[in-house]
Amino acid sequence: MDQASLTVVNRYILKQSAADFRIAISALSARVDREGHAGVLSYRFFVSEDAGQARAVIDYADASAWMGHHHIAMGWPEMATLHAAASLDDITFLGEVSPEITDWLATSGLKARVHTGYGFAAGFRRS
């Protein structure tokens with residue numbers, strides 16, 4: 001496992017049905033896979049209709065990949081469809097958060113709780 005890698009865990013509150021979330025995130029995931037930043041290593045989403053929540057676990061090559069992904073994808077209509085289906089409530093960064101990410105978050109208007117400070121300790125990733 002690379003110490004430069006960044007894993008982000010997001011919690012969403014559903015604003016529409018779980019089915020609507022699945023449709024929205026399927027379209028966004030497909031576009032990220034086709035046209036997104038090459039540093040997005042995995043892009044996985046989970047939904048609980050009973051809890052009215054969803055989660056994402058996204059692995060980035062490094063902090064610059066997180067920035068690149070957001071610069072590319074935030075203006076896509078698929079991202080707007082996701083935002084209509086769910087609101088980001090909580091975001092946890094696992095790994096080094098760059099000053100660029102901190103600046104982006106500060107000026108983004110993001111209302112979610114943000115958790116940082118989790119530096120890599122040990123581990124591995126199988127391919």
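This report covers the sheet, the core and the chain end of a predicted model.

## The sheet

An open sheet is built from 5 strands. Their order is β2-β3-β1-β4-β5, and the pairing is mixed. β2 and β5 (113-118) are the edge strands, each pairing on one side only. On average, neighbouring strands are turned by 15 degrees against each other, direction ignored.

Within the sheet, β1 and β4 run antiparallel and pair over 8 bridges. Tyr12 stands opposite Leu88 in β4.

## A helix on the sheet

α2 packs on the sheet. This helix touches β1, β2, β3 and β4. The direction of α2 makes about 125 degrees with that of β3.

## The core

The largest nonpolar core holds 30 residues. Those with the most contacts inside it are Phe21, Leu28, Phe45, Tyr60, Trp66, Phe93 and Ile101. Strands and helices both contribute: β1 (6-14), α1 (18-35), β2 (40-48), β3 (53-60), α2 (63-73), α3 (77-85), β4 (86-94) and α4 (99-107) each supply at least two residues.

Take Trp66 as an example. Setting aside neighbours within four places in sequence, Trp66 is in contact with Leu6, Val8, Tyr60, Phe93, Ile101, Trp104 and Leu105.

Ala122 lies in the segment after β5. Ala122 counts as exposed because its relative accessibility is 62%, and the cut-off for exposed is over 50%.

Ala122 and Gln3 are 119 residues apart in sequence. In space, their C-alpha atoms are 8.7 Å apart.

Definitions and conventions:
Residues numbered from 1 in each chain as written. Predicted model: local features only at pLDDT ≥ 70, side-chain atom pairs only at ≥ 80, totals over all residues. Heavy atoms only, no water. Core = buried A, V, L, I, M, F, W, Y, C linked by side-chain atoms within 4.5 Å. Buried < 20%, exposed > 50% of the residue type's maximum accessible area, 1.4 Å probe, protein only. Helix = DSSP H or I, 4+ residues; strand = E, 2+ residues; numbered from the N terminus. Contact = heavy atoms within 4.5 Å. Pairing = 2+ DSSP bridges. Axes fitted to C-alpha atoms, helices over the stretch in contact; angles between N-to-C directions.
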